[in-house]
Amino acid sequence: MNFSISEMQERLRVLGLKEPTSLALLPLNFDTASRTEELNYAPSSKEIENLLRRNGTAVDPIDSSEDRFYIDNRSGDLFLPVLMFTLQCINEHPDVVEITLELVADYLFAKFDKLTDRPKVRLRYLRGRGDAYEMIEYDGPVEGLSEVRKLKSKNDKKKSV
Amino acid sequence: MTVNEFVREYEAAMQKIAPFLWFTRPSDVMVEPERRAQEWAARACAAKEEARSNEWGEIANLMLSLQCFASCIASQFEMYQRLKSGQPDAAWDALVDAQEYIQIAIQADDHVDYRVHSDRLRMAEELLFPRPAFQSCGIVYRAGNCTICGRRFDSCEHEEGSVYIGRLCREVNRRDIKLNEISLVPEPRDKRCRVVAWEDDEGVYRNWFTWEKVQEEEAGQEVKSSGGRRIAGYAYRFETLRNV
């Protein structure tokens, strides 16, 4: 799923959300919700926000609601929130994607280390590329997250791993 | 009694219980060791609460792990007994209880013996039961409360599933819950959520574990007439683990 910048701005406007200036966590149904009240966030959003804040990366809240809805699929998979890196954010902090994904990967390793079942991870994040946003998706074992990090250096390759 | 003395007594008790923890042992022989395992779980729980009240974090975590291991053993005895008395559905629930207790024990105080025991439980699951078709439900909700600090769960620093001073962090009292969907999934959050009966290729409605024919109901005919296939199962189960 790709958005042009104007499409992204339109989605934000329709949903009554603020345009982020740095790193933002999007609701999981950002692309399908038709109004603010329908937005559903990943339950892990809180932990990711706390993790990033503790490590000096503030998350820009796009939703003014202080009592958000969450969606819990109660499957064994852990769903992370959609991460959105704005062009402004990447221009100001060129390493922000890599650092954030490293933090998330470390968080997942720590979280899954004590689990006795084999963990599975699904990850999506939005990355600004030129005049468009690109959705990077990953679905697989936690060990594969290191491959996602490598995507940052492969700017011309537009694909999922 | 010091912590070391408590642990030594606990370990000695577990060693005496261990010889009975085999499926080949008669059910009536398992009753007493199961009771002793429950007793030790209660003793460890009481010691944990004392450690918590004194804010002895490490000791509280150790006691939680001992409590959960003893509870795991008691649940394993129950699984065997239920299997022997022809109650595979209840046996499955007891197995999942045992697996969840050992998971919390590992979370509280990671120990190689716990991991070995966890592997054994997984092997028991694969050998003794046909793999269930698991279910999960998607729910939309507003944040509940944190079991550690009591604050709203999306505004505190605690992580669900982590152990803090002998207590497992969970989100409770979620608000404005709406059911979104029910799915069949390969890996559920809660293994108790599964199909318990289904209609096979010949149209016979069977219990998943026993393969015995389940009594036909009138509702089944309506499903058949519309070309569907009936299943019955759990999409959501309330938590059964105690004092964690």
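Tutor: Happy to! Let us begin with the largest cavity, which holds about 60 Å³ of space. Please keep in mind that this is a predicted model. Rolling a probe the size of a water molecule over the atoms shows where empty space is left. Here the count comes to 2 cavities of 30 Å³ or more.

What lines the largest cavity? Chain A gives A:Pro43, A:Lys46 and A:Tyr70, while chain B gives B:Tyr141, B:Ala143, B:Phe153, B:Asp154 and B:Glu171.

Now let us step to the chain A side. A:Lys46 is one of the lining residues, and A:Ser45 sits in helix H2 of chain A, which covers residues 45-54. Is A:Ser45 buried or exposed? A:Ser45 is buried, because its relative accessible area is 1%, and the cut-off for buried is under 20%. Beyond its neighbours within four places in sequence, A:Ser45 has contacts with A:Leu25, A:Arg68 and A:Pro81. A:Leu80 is 35 residues away from A:Ser45 along the chain, yet their C-alpha atoms are separated by 6.8 Å.

Among contacts in chain A with a separation of 6 or more, 65% are between residues 24 or more positions apart. Chain A has 161 residues, and 48% of them count as buried. Its accessible surface is about 7600 Å², with 47% belonging to carbon and sulfur atoms.

Back across to chain B, where B:Thr147 deserves a slow look. This residue is placed in the loop between strand S2 (145-146) and strand S3 (163-164) of chain B. B:Thr147 counts as buried because its relative accessible area is 19%, and the limit is under 20%. Which backbone atoms does the side chain of B:Thr147 reach? One is the backbone oxygen of B:Leu168, at 3.1 Å, and another is the backbone nitrogen of B:Arg170, at 2.8 Å. The contacts of B:Thr147, leaving aside neighbours within four places in sequence, are with B:Arg167, B:Leu168, B:Cys169, B:Arg170 and B:Val172.

From there we can walk along the chain. B:Glu171 is among the residues that line the largest cavity, and strand S5 of chain B spans 171-172. The loop between strand S5 and strand S6 (175-185) holds B:Asn173. B:Asn173 is exposed, because its relative accessible area is 57%, and exposed means over 50%. Its backbone is worth a check too. Most residues other than glycine have a negative phi. B:Asn173, however, has a positive phi of about 55° although it is not a glycine. B:Asp176 also has a positive phi, of about 50°, without being a glycine. B:Asp176 is found in strand S6 of chain B and counts as partly exposed, because its relative accessibility is 44%.

B:Glu49 lies in helix H2 of chain B, residues 27-53, and is partly exposed, with a relative accessible area of 34%.

Let us finish with an open space in chain B. The second largest pocket has a volume of about 820 Å³. The elements that give two or more residues to its lining are helix H1 (3-17), helix H3 (57-84) and helix H5 (112-128) of chain B. Which of them gives the largest share of the lining? That is H5 of chain B, with 10 residues. In total 28 residues line this pocket, and B:Phe69, B:Ile73, B:Asp113, B:His117 and B:Arg120 lie nearest its centre. By class, the lining of the second largest pocket has 20 nonpolar, 4 polar and 4 charged residues.

Key: Residues are numbered from 1 along each chain as its sequence is written. Chains are lettered from A and ligands numbered from 1 in the order in which they are written. This is a predicted model: local features need pLDDT of at least 70, side-chain atom pairs count only at pLDDT 80 or more; totals for chains, interfaces and linings use all residues. Side-chain values use heavy atoms; hydrogens and water are left out. Helices (H or I, at least four residues) and strands (E, at least two) are DSSP runs, numbered from the N terminus. Buried means under 20% relative accessible area, exposed over 50%, partly exposed in between (1.4 Å probe, protein chains only). A polar contact is a pair of N or O atoms within 3.5 Å; within protein, one must be able to donate a hydrogen and the other to accept it, and residues adjacent in sequence count only if both atoms are side-chain atoms. Contact means heavy atoms within 4.5 Å. On a 1 Å grid over the protein atoms alone, a cavity is a set of points where a 1.4 Å probe fits but cannot get out, and a pocket is an open set with protein on both sides within 12 Å along at least five of seven lines; lining residues have an atom within 4 Å of a point. Grid points are joined across faces, edges and corners, and a volume is the space filled by probe spheres set on the points. Accessible areas come from the Shrake-Rupley method with a 1.4 Å probe; for residues, only the protein chains shown count as cover. Ala, Val, Leu, Ile, Met, Phe, Trp, Tyr, Cys and Pro count as nonpolar, Asp, Glu, Lys and Arg as charged, and the others, Gly among them, as polar.
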